[in-house]
Amino acid sequence: MDENSLKYERQREEMVRKQIEARGVTDPNVLAAMRKVPRHLFVSEALRDQAYGDFPLPIGEQQTISQPYIVAEMTQALQPGKDDRILEIGTGSGYQAAVLAEIVFRVYTIEKIHALHIKTRKLFDALHYHNIVTKYSDGTAGWADEGPFDGIIVTAGSPSIPTPLVSQLAVGGCMVIPVGDQYSQELIKLYKDETGIHKINLGGCRFVKLVGEYGWRS
Ligand code: SAH
């Protein structure tokens with residue numbers, strides 16, 4: 001381990017204690033994953049020293065990697081289990097997918113910007129995340145061939161909940177999605193059981209736009 005990785009490990013520990021545990025995230029698997037994934041490798045070299053700060057960062061193509069706390073909160077809300085197959089819409093930097101990949105059996109992640117899709121696939125390979133499957137397409141239509149999924153996480157803001165995603169969610173599964181206008185959204189947790197679909201509002205958030213057939217049109 002070189003000097004820098006020790007430095008980043010300390011920053012990561014502080015991030016988990018001050019930003020994540022302090023705000024009430026308790027799922028031990030989520031906390032362990034946040035302590036493990038090297039977030040500094042998911043941003044450009046120039047931003048590495050800011051990677052563990054309490055804020056989102058730009059990742060190119062006008063997109064962002066979410067604030068650490070929001071990643072932890074959304075991951076906990078999904079109630080991920082070790083045998084789960086999870087669908088993520090909006091691969092971006094790959095950080096959220098990597099956090100999930102530490103916990104679950106397999107992560108399927110879709111990105112609609114080709115440059116991000118390619119760059120992040122290479123990073124997953126370099127970091128040996130062999131249980132992450134990537135796809136370049138409009139994620140608002142989901143990934144019908146691989147569904148149903150035990151959980152679905154959408155990491156971009158949508159005007160409404162895309163209907164294909166609801167159909168591709170297994171009974172007993174949760175979906176976490178920011179819903180609202182382009183400036184602010186509510187984080188919605190939806191779950192499906194034998195009696196139907198239920199929704200809980202987890203509070204305000206702010207994401208880039210989910211652009212696609214069942215999201216924003218542009
Ligand atoms: N989960 C990411 C967050 C990236 S920001 C991370 O951990 O870094 C949201 C991402 O969603 C952007 O990369 C954006 O290009 C992507 N996106 C927006 N609309 C999409 C769509 N319809 N299908 C797939 N990806 C989409």
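I looked up Tyr129 and found this residue buried, with a relative accessible area of 8% (buried means under 20%, exposed over 50%, partly exposed in between, with a 1.4 Å probe and protein chains only). The model is predicted: local features need pLDDT of at least 70 and side-chain atom pairs pLDDT 80 or more, while totals for chains, interfaces and linings use all residues. Residues are numbered from 1 along each chain as its sequence is written, and side-chain values use heavy atoms, without hydrogens and water.

I next examined the ring partner of Tyr129. Phe124 and Tyr129 form an edge-to-face pair, 6.5 Å centre to centre with 80° between the planes (rings of Phe, Tyr and Trp, the last by its six-membered ring, pair if their centres lie within 6.5 Å; planes under 30 degrees apart are stacked, over 60 edge-to-face, the rest tilted). Phe124 counts as buried at 0% relative accessibility.

I then turned to the largest nonpolar core, which has 47 residues; Met34, Phe42, Tyr95 and Tyr129 touch the most other members (such a core is a set of buried Ala, Val, Leu, Ile, Met, Phe, Trp, Tyr and Cys residues joined through side-chain atoms within 4.5 Å). Apart from it I noted another core, of 19 residues, among them Ala156 and Leu210.

Finally, I checked Thr109. This residue is buried at 0% relative accessible area, and its side chain makes a polar contact of 2.8 Å with that of Thr91 (a pair of N or O atoms within 3.5 Å; within protein, one must be able to donate a hydrogen and the other to accept it, and residues adjacent in sequence count only if both atoms are side-chain atoms).
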